[in-house]
Amino acid sequence: MASDLFNSFMTGPDERGRFGDFGGRFVSETLMPLILELEACYEHAKTDPDFWAEMEYLWKHYVGRPSPLYFAERLTERLGGAKVYMKRDELNHTGAHKINNVLGQIILARRMGKSRIIAETGAGQHGVATATVCARFGLKCVVYMGAHDVERQAPNVFRMRLLGAEVVPVTSGRGTLKDAMNDALRDWVTNVRDTFYCIGTVAGPHPYPAMVRDFQSIIGREAREQMQEAEGRLPDTLVAAIGGGSNAMGLFYPFLDDKDVAIIGVEAGGHGVDDRMEHCASIAGGRPGVLHGNRTYLLQDDDGQILEGHSISAGLDYPGIGPEHSWLHETGRATYVAITDSEALAAFQLCCETEGIIPALEPAHALAHVARIAPDLPRDHIICMNLCGRGDKDIFTVARHLGFDMKS
Ligand SMILES: *Cc1c(COP(=O)(O)O)cnc(C)c1O
(Lines give C-alpha, C1' and ligand atoms only; values in the text may rest on other atoms or scores of the structure.)
Protein backbone atom coordinates (compact mmCIF):
# COMPACT_ATOMS: atom_id res chain seq x y z
CA MET A 1 0.00 0.00 0.00
CA ALA A 2 1.03 3.59 -0.66
CA SER A 3 1.50 4.21 3.06
CA ASP A 4 4.83 2.39 2.90
CA LEU A 5 6.13 5.57 1.29
CA PHE A 6 5.74 7.49 4.53
CA ASN A 7 7.91 7.30 7.62
CA SER A 8 5.25 9.01 9.64
CA PHE A 9 1.62 9.99 9.18
CA MET A 10 1.84 12.51 12.01
CA THR A 11 4.02 15.20 10.45
CA GLY A 12 1.35 16.93 8.32
CA PRO A 13 0.30 19.36 7.13
CA ASP A 14 3.24 20.91 5.21
CA GLU A 15 4.00 24.63 5.42
CA ARG A 16 1.29 25.38 2.84
CA GLY A 17 -1.23 23.53 4.95
CA ARG A 18 -1.39 20.55 2.57
CA PHE A 19 -1.98 16.93 3.44
CA GLY A 20 -0.79 15.46 0.13
CA ASP A 21 -3.15 16.95 -2.49
CA PHE A 22 -5.67 18.06 0.13
CA GLY A 23 -6.17 20.98 2.47
CA GLY A 24 -4.40 24.26 1.72
CA ARG A 25 -5.64 27.80 1.99
CA PHE A 26 -8.07 28.80 -0.76
CA VAL A 27 -9.19 32.19 0.57
CA SER A 28 -9.63 35.76 -0.64
CA GLU A 29 -6.85 38.30 -0.22
CA THR A 30 -8.88 40.10 2.44
CA LEU A 31 -9.01 36.97 4.58
CA MET A 32 -5.33 36.10 4.20
CA PRO A 33 -3.88 38.47 6.84
CA LEU A 34 -6.35 37.15 9.44
CA ILE A 35 -5.46 33.58 8.69
CA LEU A 36 -1.73 34.32 8.88
CA GLU A 37 -2.15 36.12 12.22
CA LEU A 38 -4.09 33.15 13.57
CA GLU A 39 -1.47 30.71 12.32
CA ALA A 40 1.37 32.66 13.95
CA CYS A 41 -0.47 32.87 17.28
CA TYR A 42 -1.34 29.19 17.22
CA GLU A 43 2.23 28.18 16.37
CA HIS A 44 3.40 30.20 19.35
CA ALA A 45 0.74 28.92 21.75
CA LYS A 46 1.42 25.31 20.74
CA THR A 47 4.88 25.39 22.30
CA ASP A 48 3.89 27.50 25.32
CA PRO A 49 3.48 25.41 28.50
CA ASP A 50 1.19 28.11 29.98
CA PHE A 51 -1.26 27.63 27.14
CA TRP A 52 -1.48 23.88 27.72
CA ALA A 53 -1.61 24.32 31.50
CA GLU A 54 -4.74 26.45 31.10
CA MET A 55 -6.23 23.86 28.72
CA GLU A 56 -5.46 21.00 31.09
CA TYR A 57 -7.04 22.83 34.00
CA LEU A 58 -10.28 23.54 32.16
CA TRP A 59 -10.41 20.12 30.49
CA LYS A 60 -10.26 18.59 33.95
CA HIS A 61 -12.41 20.92 36.04
CA TYR A 62 -14.84 22.38 33.51
CA VAL A 63 -15.25 19.66 30.86
CA GLY A 64 -14.77 16.65 33.17
CA ARG A 65 -11.79 15.00 31.45
CA PRO A 66 -10.41 12.43 31.23
CA SER A 67 -13.52 10.73 29.87
CA PRO A 68 -13.67 7.02 30.81
CA LEU A 69 -12.66 4.19 28.49
CA TYR A 70 -15.45 1.73 29.10
CA PHE A 71 -15.55 -2.00 28.33
CA ALA A 72 -19.02 -2.62 26.87
CA GLU A 73 -19.41 -6.11 28.29
CA ARG A 74 -23.05 -6.84 27.48
CA LEU A 75 -22.72 -5.43 23.99
CA THR A 76 -19.61 -7.56 23.45
CA GLU A 77 -21.51 -10.67 24.61
CA ARG A 78 -24.45 -9.84 22.37
CA LEU A 79 -22.23 -9.41 19.30
CA GLY A 80 -20.32 -12.58 20.14
CA GLY A 81 -16.90 -11.65 18.75
CA ALA A 82 -14.43 -8.82 19.26
CA LYS A 83 -14.15 -7.03 22.58
CA VAL A 84 -15.75 -3.58 22.35
CA TYR A 85 -14.56 -0.54 24.28
CA MET A 86 -16.23 2.88 24.22
CA LYS A 87 -14.41 6.17 24.69
CA ARG A 88 -17.03 8.04 26.69
CA ASP A 89 -16.79 11.58 25.31
CA GLU A 90 -20.57 11.86 25.62
CA LEU A 91 -19.96 12.50 29.33
CA ASN A 92 -18.25 15.84 28.64
CA HIS A 93 -19.91 19.08 29.71
CA THR A 94 -22.42 20.00 26.94
CA GLY A 95 -22.69 16.33 25.94
CA ALA A 96 -20.20 15.86 23.13
CA HIS A 97 -16.58 16.23 22.03
CA LYS A 98 -17.09 19.72 20.54
CA ILE A 99 -16.07 21.53 23.72
CA ASN A 100 -12.54 20.01 23.65
CA ASN A 101 -11.80 22.11 20.58
CA VAL A 102 -13.84 25.18 21.51
CA LEU A 103 -11.85 25.61 24.72
CA GLY A 104 -8.61 25.65 22.75
CA GLN A 105 -9.82 28.20 20.25
CA ILE A 106 -11.35 30.51 22.86
CA ILE A 107 -8.20 30.49 24.99
CA LEU A 108 -6.29 31.34 21.81
CA ALA A 109 -8.77 34.15 21.01
CA ARG A 110 -8.22 35.63 24.47
CA ARG A 111 -4.46 35.53 23.99
CA MET A 112 -4.96 37.35 20.67
CA GLY A 113 -7.01 40.02 22.46
CA LYS A 114 -10.24 39.23 20.58
CA SER A 115 -13.48 40.02 22.39
CA ARG A 116 -16.08 38.84 19.88
CA ILE A 117 -16.41 35.18 18.92
CA ILE A 118 -18.29 33.98 15.86
CA ALA A 119 -19.14 30.39 14.97
CA GLU A 120 -21.16 28.39 12.46
CA THR A 121 -23.40 25.56 13.55
CA GLY A 122 -25.54 22.93 11.86
CA ALA A 123 -27.37 20.85 14.43
CA GLY A 124 -26.41 23.36 17.09
CA GLN A 125 -23.91 21.30 19.08
CA HIS A 126 -20.89 23.40 18.15
CA GLY A 127 -22.96 26.56 18.65
CA VAL A 128 -23.94 25.43 22.16
CA ALA A 129 -20.33 24.54 23.05
CA THR A 130 -19.12 27.92 21.78
CA ALA A 131 -21.89 29.84 23.57
CA THR A 132 -21.02 27.91 26.74
CA VAL A 133 -17.32 28.75 26.75
CA CYS A 134 -18.06 32.37 25.76
CA ALA A 135 -20.36 32.67 28.77
CA ARG A 136 -17.61 31.20 30.94
CA PHE A 137 -15.21 33.93 29.81
CA GLY A 138 -17.68 36.79 29.37
CA LEU A 139 -17.13 37.07 25.61
CA LYS A 140 -19.65 38.23 23.03
CA CYS A 141 -20.84 35.29 20.93
CA VAL A 142 -22.57 35.31 17.54
CA VAL A 143 -23.63 32.00 16.01
CA TYR A 144 -24.53 31.64 12.33
CA MET A 145 -27.10 28.93 11.73
CA GLY A 146 -29.01 28.02 8.58
CA ALA A 147 -32.62 29.24 8.79
CA HIS A 148 -33.77 25.70 8.04
CA ASP A 149 -31.68 24.36 10.94
CA VAL A 150 -32.95 27.10 13.30
CA GLU A 151 -36.40 25.67 12.74
CA ARG A 152 -35.35 22.01 13.04
CA GLN A 153 -33.16 22.47 16.13
CA ALA A 154 -35.27 24.74 18.34
CA PRO A 155 -34.00 23.35 21.70
CA ASN A 156 -30.37 24.11 20.82
CA VAL A 157 -31.31 27.61 19.58
CA PHE A 158 -32.92 28.27 22.95
CA ARG A 159 -29.89 26.87 24.79
CA MET A 160 -27.57 29.22 22.91
CA ARG A 161 -29.83 32.19 23.71
CA LEU A 162 -29.96 31.22 27.40
CA LEU A 163 -26.18 31.22 27.37
CA GLY A 164 -26.21 34.77 26.04
CA ALA A 165 -25.36 34.13 22.38
CA GLU A 166 -26.92 35.88 19.44
CA VAL A 167 -28.19 33.34 16.89
CA VAL A 168 -28.28 34.66 13.31
CA PRO A 169 -30.53 32.67 10.94
CA VAL A 170 -28.86 32.38 7.52
CA THR A 171 -31.25 32.50 4.56
CA SER A 172 -28.70 32.54 1.73
CA GLY A 173 -28.29 29.38 -0.35
CA ARG A 174 -30.44 26.60 1.07
CA GLY A 175 -30.17 27.87 4.63
CA THR A 176 -28.06 25.04 6.03
CA LEU A 177 -24.62 24.51 7.57
CA LYS A 178 -22.64 25.17 4.36
CA ASP A 179 -24.31 28.60 4.01
CA ALA A 180 -23.83 29.38 7.72
CA MET A 181 -20.09 28.76 7.31
CA ASN A 182 -19.95 31.09 4.29
CA ASP A 183 -21.70 33.86 6.24
CA ALA A 184 -19.39 33.41 9.22
CA LEU A 185 -16.36 33.79 6.91
CA ARG A 186 -17.93 37.00 5.52
CA ASP A 187 -18.52 38.35 9.03
CA TRP A 188 -14.88 37.65 9.90
CA VAL A 189 -13.58 39.72 6.97
CA THR A 190 -15.89 42.60 7.91
CA ASN A 191 -15.02 42.63 11.62
CA VAL A 192 -11.31 41.91 11.46
CA ARG A 193 -10.19 43.86 14.48
CA ASP A 194 -12.08 42.33 17.40
CA THR A 195 -13.42 39.03 15.98
CA PHE A 196 -12.22 35.42 16.22
CA TYR A 197 -13.82 32.72 14.06
CA CYS A 198 -14.21 29.47 16.03
CA ILE A 199 -14.65 26.60 13.53
CA GLY A 200 -16.36 23.42 14.76
CA THR A 201 -14.64 20.69 12.78
CA VAL A 202 -11.39 19.78 11.00
CA ALA A 203 -12.37 21.87 7.95
CA GLY A 204 -11.76 25.42 6.72
CA PRO A 205 -8.48 26.95 5.51
CA HIS A 206 -5.11 26.05 7.09
CA PRO A 207 -4.38 26.14 10.05
CA TYR A 208 -7.91 25.18 11.16
CA PRO A 209 -7.88 21.48 10.18
CA ALA A 210 -4.58 20.87 12.00
CA MET A 211 -5.45 23.10 14.96
CA VAL A 212 -8.85 21.48 15.58
CA ARG A 213 -7.23 18.04 15.22
CA ASP A 214 -4.59 18.97 17.79
CA PHE A 215 -7.24 20.10 20.29
CA GLN A 216 -9.37 16.99 19.74
CA SER A 217 -6.36 14.66 19.98
CA ILE A 218 -6.81 14.63 23.74
CA ILE A 219 -9.38 11.89 22.96
CA GLY A 220 -6.83 9.57 21.34
CA ARG A 221 -4.04 10.35 23.81
CA GLU A 222 -6.28 9.40 26.72
CA ALA A 223 -7.60 6.31 24.90
CA ARG A 224 -4.03 5.08 24.25
CA GLU A 225 -3.07 5.39 27.88
CA GLN A 226 -6.34 3.94 29.18
CA MET A 227 -6.14 0.98 26.81
CA GLN A 228 -2.60 0.21 27.98
CA GLU A 229 -3.91 0.26 31.52
CA ALA A 230 -6.93 -1.96 30.78
CA GLU A 231 -5.39 -4.45 28.34
CA GLY A 232 -1.65 -3.88 28.48
CA ARG A 233 -1.61 -3.17 24.73
CA LEU A 234 -3.05 -1.01 21.98
CA PRO A 235 -6.46 -1.70 20.39
CA ASP A 236 -6.61 -3.58 17.08
CA THR A 237 -9.27 -1.39 15.50
CA LEU A 238 -10.50 2.18 15.95
CA VAL A 239 -13.96 3.25 14.77
CA ALA A 240 -15.48 6.76 14.74
CA ALA A 241 -18.33 8.60 13.00
CA ILE A 242 -17.56 11.36 10.52
CA GLY A 243 -19.39 14.61 9.87
CA GLY A 244 -16.52 16.99 9.17
CA GLY A 245 -14.29 14.50 10.93
CA SER A 246 -13.11 16.14 14.18
CA ASN A 247 -14.02 13.49 16.74
CA ALA A 248 -12.57 10.87 14.39
CA MET A 249 -9.30 12.78 13.82
CA GLY A 250 -9.08 13.30 17.59
CA LEU A 251 -9.25 9.56 18.24
CA PHE A 252 -7.17 8.50 15.21
CA TYR A 253 -4.28 10.96 15.24
CA PRO A 254 -2.22 9.58 18.16
CA PHE A 255 -2.46 6.09 16.58
CA LEU A 256 -1.56 7.01 12.98
CA ASP A 257 1.97 5.61 13.22
CA ASP A 258 0.90 2.39 14.92
CA LYS A 259 0.77 0.33 11.73
CA ASP A 260 -1.00 -2.60 13.39
CA VAL A 261 -3.95 -0.48 14.48
CA ALA A 262 -6.70 -0.53 11.83
CA ILE A 263 -8.53 2.79 11.46
CA ILE A 264 -12.10 3.07 10.21
CA GLY A 265 -14.12 6.25 9.63
CA VAL A 266 -17.89 5.88 9.34
CA GLU A 267 -19.74 8.28 7.07
CA ALA A 268 -23.50 8.87 7.01
CA GLY A 269 -25.02 6.66 4.33
CA GLY A 270 -28.51 8.24 4.68
CA HIS A 271 -30.95 6.39 2.42
CA GLY A 272 -28.04 4.60 0.71
CA VAL A 273 -24.95 5.66 -1.23
CA ASP A 274 -26.20 5.82 -4.82
CA ASP A 275 -27.11 8.29 -7.60
CA ARG A 276 -29.98 9.82 -5.64
CA MET A 277 -27.29 11.44 -3.43
CA GLU A 278 -29.49 11.14 -0.35
CA HIS A 279 -26.51 10.61 1.93
CA CYS A 280 -23.54 12.54 3.41
CA ALA A 281 -20.74 10.13 2.51
CA SER A 282 -18.19 12.50 0.96
CA ILE A 283 -15.54 9.84 0.43
CA ALA A 284 -17.77 6.92 -0.51
CA GLY A 285 -19.98 9.02 -2.81
CA GLY A 286 -18.17 12.30 -3.54
CA ARG A 287 -15.06 13.57 -5.34
CA PRO A 288 -12.35 16.18 -4.70
CA GLY A 289 -13.13 19.88 -5.02
CA VAL A 290 -12.71 23.13 -3.07
CA LEU A 291 -15.07 24.30 -0.32
CA HIS A 292 -14.60 26.58 2.71
CA GLY A 293 -10.97 27.31 1.93
CA ASN A 294 -9.63 23.80 1.46
CA ARG A 295 -9.44 21.04 -1.14
CA THR A 296 -11.08 17.80 -0.11
CA TYR A 297 -13.69 15.18 -1.01
CA LEU A 298 -17.10 16.82 -1.45
CA LEU A 299 -20.65 15.92 -2.38
CA GLN A 300 -21.19 17.61 -5.73
CA ASP A 301 -23.19 17.24 -8.92
CA ASP A 302 -21.73 16.88 -12.43
CA ASP A 303 -21.30 20.68 -12.68
CA GLY A 304 -19.39 20.90 -9.42
CA GLN A 305 -22.34 22.38 -7.50
CA ILE A 306 -22.20 21.40 -3.83
CA LEU A 307 -25.05 19.10 -2.82
CA GLU A 308 -26.71 19.17 0.59
CA GLY A 309 -27.01 15.46 1.10
CA HIS A 310 -29.15 13.80 3.75
CA SER A 311 -28.65 12.05 7.08
CA ILE A 312 -30.95 11.15 9.96
CA SER A 313 -28.25 12.74 12.10
CA ALA A 314 -28.07 16.53 11.82
CA GLY A 315 -24.47 16.47 13.09
CA LEU A 316 -23.25 14.41 10.14
CA ASP A 317 -24.99 16.67 7.64
CA TYR A 318 -21.87 18.35 6.16
CA PRO A 319 -21.22 18.06 2.39
CA GLY A 320 -17.45 17.71 2.88
CA ILE A 321 -14.89 15.99 5.08
CA GLY A 322 -11.70 17.28 6.68
CA PRO A 323 -8.75 17.27 4.22
CA GLU A 324 -6.60 15.05 6.44
CA HIS A 325 -9.21 12.30 6.12
CA SER A 326 -9.13 12.63 2.31
CA TRP A 327 -5.38 12.12 2.51
CA LEU A 328 -5.63 9.16 4.92
CA HIS A 329 -8.12 7.64 2.50
CA GLU A 330 -5.91 8.13 -0.56
CA THR A 331 -2.79 6.81 1.20
CA GLY A 332 -4.74 3.80 2.43
CA ARG A 333 -3.87 4.46 6.10
CA ALA A 334 -7.55 4.68 7.04
CA THR A 335 -10.66 3.03 5.60
CA TYR A 336 -13.98 4.81 5.15
CA VAL A 337 -17.35 3.09 5.13
CA ALA A 338 -20.97 4.23 5.11
CA ILE A 339 -23.84 3.33 7.44
CA THR A 340 -27.48 4.03 6.54
CA ASP A 341 -30.11 5.83 8.64
CA SER A 342 -31.90 2.59 9.49
CA GLU A 343 -28.68 0.80 10.49
CA ALA A 344 -27.84 3.73 12.78
CA LEU A 345 -31.31 3.63 14.33
CA ALA A 346 -30.95 -0.08 15.08
CA ALA A 347 -27.54 0.52 16.69
CA PHE A 348 -29.00 3.42 18.72
CA GLN A 349 -31.53 0.99 20.23
CA LEU A 350 -28.91 -1.74 20.72
CA CYS A 351 -26.77 0.67 22.76
CA CYS A 352 -29.73 1.68 24.95
CA GLU A 353 -30.77 -1.94 25.59
CA THR A 354 -27.41 -3.55 26.19
CA GLU A 355 -25.43 -0.81 27.92
CA GLY A 356 -27.97 1.63 29.39
CA ILE A 357 -26.41 4.42 27.37
CA ILE A 358 -28.50 6.60 25.05
CA PRO A 359 -26.02 7.62 22.35
CA ALA A 360 -26.26 10.50 19.90
CA LEU A 361 -27.26 9.42 16.40
CA GLU A 362 -23.77 10.32 15.13
CA PRO A 363 -21.84 7.72 17.19
CA ALA A 364 -24.74 5.32 16.59
CA HIS A 365 -23.33 5.19 13.04
CA ALA A 366 -19.95 4.16 14.42
CA LEU A 367 -21.60 1.56 16.63
CA ALA A 368 -23.56 0.16 13.67
CA HIS A 369 -20.28 -0.54 11.92
CA VAL A 370 -18.88 -2.12 15.08
CA ALA A 371 -21.97 -4.34 15.21
CA ARG A 372 -21.35 -5.26 11.58
CA ILE A 373 -17.70 -6.34 11.99
CA ALA A 374 -17.41 -7.55 15.61
CA PRO A 375 -19.24 -10.91 15.25
CA ASP A 376 -16.72 -12.14 12.66
CA LEU A 377 -13.64 -11.09 14.62
CA PRO A 378 -11.89 -13.27 17.25
CA ARG A 379 -12.61 -12.72 20.93
CA ASP A 380 -9.16 -11.34 21.60
CA HIS A 381 -9.57 -8.61 18.96
CA ILE A 382 -10.05 -5.21 20.62
CA ILE A 383 -12.21 -2.50 19.07
CA CYS A 384 -12.22 1.03 20.48
CA MET A 385 -15.08 3.24 19.27
CA ASN A 386 -15.65 6.89 20.00
CA LEU A 387 -18.96 7.45 21.76
CA CYS A 388 -18.61 11.14 20.97
CA GLY A 389 -22.05 12.43 22.02
CA ARG A 390 -25.13 11.66 24.07
CA GLY A 391 -28.59 11.22 22.68
CA ASP A 392 -30.76 13.66 24.64
CA LYS A 393 -30.86 15.95 21.61
CA ASP A 394 -32.01 13.11 19.34
CA ILE A 395 -34.89 11.53 21.24
CA PHE A 396 -37.54 13.45 19.26
CA THR A 397 -36.07 12.33 15.93
CA VAL A 398 -35.82 8.74 17.11
CA ALA A 399 -39.36 8.78 18.53
CA ARG A 400 -40.69 9.97 15.18
CA HIS A 401 -38.86 7.23 13.28
CA LEU A 402 -40.03 4.55 15.69
CA GLY A 403 -43.62 5.77 15.41
CA PHE A 404 -43.80 6.75 19.09
CA ASP A 405 -46.19 9.57 19.98
CA MET A 406 -44.41 11.85 22.51
CA LYS A 407 -47.64 13.66 23.45
CA SER A 408 -49.54 10.66 24.79
C1 LIG B 1 -20.90 17.63 15.60
C2 LIG B 1 -20.93 16.20 15.95
C3 LIG B 1 -20.39 15.22 15.09
C4 LIG B 1 -19.82 15.53 13.74
O5 LIG B 1 -18.67 16.32 13.76
P6 LIG B 1 -17.21 15.73 13.60
O7 LIG B 1 -16.41 16.94 13.32
O8 LIG B 1 -17.23 14.78 12.44
O9 LIG B 1 -16.85 15.07 14.84
C10 LIG B 1 -20.40 13.91 15.50
N11 LIG B 1 -20.93 13.55 16.68
C12 LIG B 1 -21.46 14.44 17.54
C13 LIG B 1 -22.01 13.97 18.83
C14 LIG B 1 -21.48 15.81 17.20
O15 LIG B 1 -22.01 16.69 18.06
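Modeller: A polar contact is a pair of N or O atoms within 3.5 Å; inside the protein, one must be able to donate a hydrogen and the other to accept it, and residues adjacent in sequence count only if both atoms are side-chain atoms. Ten residue pairs, both partners at pLDDT 80 or more, are in polar contact between domain 1 and domain 2.

Biologist: Where does this model come from?

Modeller: The model is predicted, so local features need pLDDT of at least 70 and side-chain atom pairs count only at pLDDT 80 or more, while totals for chains, interfaces and linings use all residues. Residues are numbered from 1 along each chain as its sequence is written, and side-chain values use heavy atoms, with hydrogens and water left out.

Biologist: How do you know which residues belong to domain 1 and domain 2?

Modeller: The bounds come from an automatic or database domain assignment. Domain 1 is 13-60 + 98-212, and domain 2 is 66-95 + 217-402.

Biologist: What makes up the contact between domain 1 and domain 2?

Modeller: Contact means heavy atoms within 4.5 Å, and 35 residues from domain 1 and 35 residues from domain 2 take part. The two domains bury about 2900 Å² between them, 65% of it on carbon and sulfur atoms. That buried area is the accessible area (1.4 Å probe) the two parts lose on being put together, summed over both.

Biologist: Why is the pair R152 and D317 called a salt bridge?

Modeller: The rule asks for a side-chain nitrogen of Lys or Arg within 4 Å of a carboxyl oxygen of Asp or Glu. In R152 and D317 the closest N and O atoms are 4.0 Å apart, so the pair counts as a salt bridge.

Biologist: And what about E166 and K140?

Modeller: Their closest N and O atoms are 3.9 Å apart, so they form a salt bridge too. E166 lies in strand β7 (residues 166-170) and K140 in strand β6 (residues 140-146), so the pair ties together parts that are 26 residues apart in sequence. Strands here are DSSP runs of E, at least two residues, numbered from the N terminus. The structure holds 25 salt bridges.

Biologist: Which residues surround the ligand?

Modeller: There are 15, and the closest are K98, T201, G243, G245 and S246.

Note on methods:
A residue is near a molecule or strand if one of its heavy atoms lies within 4 Å of it. Helices (H or I, at least four residues) and strands (E, at least two) are DSSP runs, numbered from the N terminus.
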